[in-house]
Amino acid sequence: MIIGHSDDLFNETLCGYLSNGVMMPGYTAFHQEYLERLLGDRPGERGAFFKTASEAVTAAFRLAAMRTGRLGVVRSGYIGWHDAQIANSLKWHEPLHSPLREKLRYTDAMRGIGESEPVANWVDLRLESLAELLERHRGRLGCFVFDAYLASFTTPEVLRQAVAMCRDAGLLTVFDETKTGGRISPLGYDHDNGLGSDLVVIGKALANGAPLSLLVGEAELLAHAERARLSGTFSKEMIAVYAALATRDILEKPAGDAPDGWTEIGRIGTEVAAVFSAAAEDAGVSSLVGARPVLGGGMFELVYHDEGLLGDKERREALLAAFAAAGILLLEGHPSFVCLAHREIDWSAFRDRARLAFEQWTASTGADRD
Ligand SMILES: Cc1ncc(COP(=O)(O)O)c(C=O)c1O
């Protein structure tokens, strides 16, 4: 969600669009209008419509294979649930130094990986490691895909160099902005930092919960999409596009003191993180845990300051359970998201609930206080 669950203005705007019907024989003026509004700052680019980001990333793999003749992939981050996206992957959202990060998961019953189509994990975000992977699989890698959330673990300069190194090695470069695009800003991290990846995937936040994902890139590259048959029955349906138009109708306008909804969402997430950190302080656990805004505040996450706690899945899950019991839903081992409706939060009641959750957690798990 980016605006809110069952928001009145969103519902009303969406209903207005719905009177135009939900399916036509092909893509429509509404798809076109949405792309023009989304890509106004990227002249010469086009977009392909999908329902899920896993589909859009698979489409990027295929475009890369068509262009380079190579099936292999270098990936960093969670980039979807399709086999070659998830097979042999890590707990990607764990901090780089977390002992829980590197254990390989989803190792059985997966296709699309192997000697002739290697899927290599760029785990530590060091350029030397990337160079080593590019060398080890030389001539077999066609695509580099990076989950933009992991940009919060490194710097734009490192990522700029990573994109350049992959390009030099002949790979098509893809920034996967499924979590970030349309959330931290209208287009996301790659665009804001001028990284210039060949393709960008956007999803999740675009349509306030309706299923929509886009693959965006140079018109010449996207022209292969038709030859590659990158489309399905429901790629053309209009409900998600109406929801995306309604979302933009709202986010493009000033919100509170902010010039637009994206800026306001960043402010809200920054405040949410500050409240968690203040509540940890109130409860005397700030040496163990706090929170930080991620990439400007459209997302935030808990930060474990204590090494023992970082590697202790049970105690971390117990903390999340204590928050849930206090009416606060957070994701574990994953950034959490905020939406415009979080403006309505009673901030002091929220701080009290968070403090209570921290206190109950320390009481039940015997976690040391400061
Ligand atoms: C960076 C990233 N890529 C791809 C995906 C897959 O998206 P979907 O669940 O829409 O297939 C996700 C979903 O969490 C994601 O965060």
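**Figure 1. The accessible surface of the chain.** In this predicted model, about 15,900 Å² of the chain is accessible surface, and carbon and sulfur atoms account for 53% of that area. Turning from the surface to the residues, 53% of the 370 residues in the chain count as buried.

**Figure 2. Charged side chains.** Look here for 37 positive and 51 negative side chains. The centres of these two sets are 5 Å apart.

**Figure 3. The fold and its overall dimensions.** The chain is built with 14 helices and ten strands. Along the principal axes, its C-alpha atoms fill a box of roughly 60 × 55 × 35 Å. The radius of gyration is 21 Å, which agrees with a compact globule, because a globule of 370 residues would have a value near 21 Å.

**Figure 4. Contacts across the sequence.** This view takes contacts between residues at least 6 apart in sequence; 70% of them join residues at least 24 apart.

**Figure 5. Cysteine 143 and cysteine 166.** If you came looking for disulfides, the count is zero.

**Figure 6. Burial of the two cysteines.** Are these side chains' residues buried or exposed? Cysteine 143 has 1% relative accessibility and therefore counts as buried. Cysteine 166 is buried too, with a relative accessible area of 0%. The cut-off for buried is under 20%.

Key
Residues numbered from 1 in each chain as written. Predicted model: local features only at pLDDT ≥ 70, side-chain atom pairs only at ≥ 80, totals over all residues. Heavy atoms only, no water. Helix = DSSP H or I, 4+ residues; strand = E, 2+ residues; numbered from the N terminus. Rg over C-alpha atoms; globule rule 2.2 N^0.38 Å. Buried < 20%, exposed > 50% of the residue type's maximum accessible area, 1.4 Å probe, protein only. Contact = heavy atoms within 4.5 Å. Areas by Shrake-Rupley, 256 points an atom, 1.4 Å probe, with all protein chains shown as cover. Lys, Arg positive; Asp, Glu negative; His and termini not counted. Charge placed at Lys NZ, Arg CZ, Asp CG, Glu CD. Disulfide = S-S within 2.5 Å.
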